[in-house]
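Hi everyone, thanks for letting me go next. Let me put the thing up on the screen, and then we'll walk through a few spots together.

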Amino acid sequence: MPLPVLFGANVEPHALPVGRSSEHALLIDSLGLDLLTIQDHPYQAAFDDTWTLLTFLAARTRNVTLVPTVSSLPLRPPAVLAKAVATLDRLTGSRVQLGLGAGAFWEAVEAMGGSRRTPREAVDALEEAITVIRAMWSGERSVRTHGAHYALAGVHPGPAPSPGLGLWLGSYGPRMLALTGAKADGWLPSHAYLGLDALPTAVRRIDDAALAAGRDPDTIRRVYNIAGVIQPESAGPFQGPASQWAEHLVALVCTVGMNGFVIWPERDHTRQISAFAAEVVPAVREALARKT
């Protein structure tokens, strides 16, 4: 059975003005949106640390699920990250998902003490990290994993998180998409990097890899991050009225298989988030209900 369609909004981790990110998070929570995302670029001087901010916002909100899009693996050791996420999952009543990426902006990563990796090394490291994270969440008495980048040598993991905690990957290339289908619980592409024309092919790669691994593709969460603006006049995809947004999102659910959407407002965040929740989301839900 297909997963329910989720809707959310992105909160920017800008350090200034103080309190703006909290204001937007409380708005997202009060509007009944499902997801709150925060990008993770630890080397960005203008940003607060994503995991500290995410934890702070989790304590202030009550219902929304929080997701980093996506955690920078080269700067966040997977075993420690797994422990942190599992802790937050338990403390929030299962209101967190782990978004994870292989890494980007390598000069900045290296400047902060991380390892510069080739594209092949980055995917290899991510696959090893998934094994480490799954082991840390297993609830087993002692776990060992082996890898060139990450390994566990008899660590005692725990406490175990809830069954609802998943690992969602930000992936685009063929190997990353195959890894998503084979081993991840969700997928977090962005419209800015994967346009509407390329989305169906990427989805097919994930589906094929899931089937090859003996998994049901319909169990994979697929959340499209959309930078855009809701406005009276149309200026292209995700640059127009709420009705146009709704039309695009319904098509992505019905013809492509996406099952989640997060708006990244290009301006006027408060008004854009409110318009998305009040005008776009109900229209999409109503249209999908008519199709079932």
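So, look at the loop between strand E7 (152-155) and strand E8 (167-169): that's where Pro-159 lies. Keep in mind that this is a predicted model. What kind of peptide bond joins Gly-158 and Pro-159? It's a cis one, with omega at about -5°. There's also a cis peptide bond between Leu-16 and Pro-17, and there omega is about -5°. To find Pro-17, go to the loop between strand E1 (6-10) and helix H1 (20-30).

Okay, on to backbone angles. Ser-94 isn't a glycine, yet its phi is positive, near 70°. You'll see Ser-94 in the loop that runs between helix H3 (78-92) and strand E5 (98-101). Phe-238 has a positive phi too, near 60°, and again that's a residue other than glycine. Phe-238 sits in the loop between strand E10 (221-230) and strand E11 (239-240).

Now, are these two buried or partly exposed? Ser-94 has 28% relative accessibility, so we call it partly exposed. Phe-238 comes out at 0% relative accessible area, so that one is buried.

Which residues of H8 are buried? They are Ala-242, Gln-244, Trp-245, Ala-246, Leu-249, Val-250, Leu-252, Val-253 and Val-256. And what covers them? The cover includes E1, helix H7 (199-212), E10, E11, strand E12 (260-265) and H9.

Let's stay with that last partner. H8 (residues 242-256) packs on H9 (residues 269-291) at an angle of about 40°, and the axes are 9 Å apart. That's why we describe the two helices as oblique to each other. The crossing of H8 past H9 is right-handed. On the H8 side, the contact is made by Ala-242, Trp-245, Ala-246, Leu-249, Val-250, Val-253 and Cys-254. On the H9 side, it's Phe-276, Glu-279, Val-280, Ala-283, Val-284, Ala-287, Leu-288 and Lys-291. Sort that contact by class and you get 13 nonpolar residues, two charged ones and no polar ones.

Terms used: Residues numbered from 1 in each chain as written. Predicted model: local features only at pLDDT ≥ 70, side-chain atom pairs only at ≥ 80, totals over all residues. Heavy atoms only, no water. Axes fitted to C-alpha atoms, helices over the stretch in contact; angles between N-to-C directions. Helix = DSSP H or I, 4+ residues; strand = E, 2+ residues; numbered from the N terminus. Parallel < 35°, antiparallel > 145°, perpendicular 65-115°, else oblique. Left-handed = near helix turned anticlockwise from the far one by under 90°. Contact = heavy atoms within 4.5 Å. Nonpolar A, V, L, I, M, F, W, Y, C, P; charged D, E, K, R; others polar. Buried < 20%, exposed > 50% of the residue type's maximum accessible area, 1.4 Å probe, protein only.
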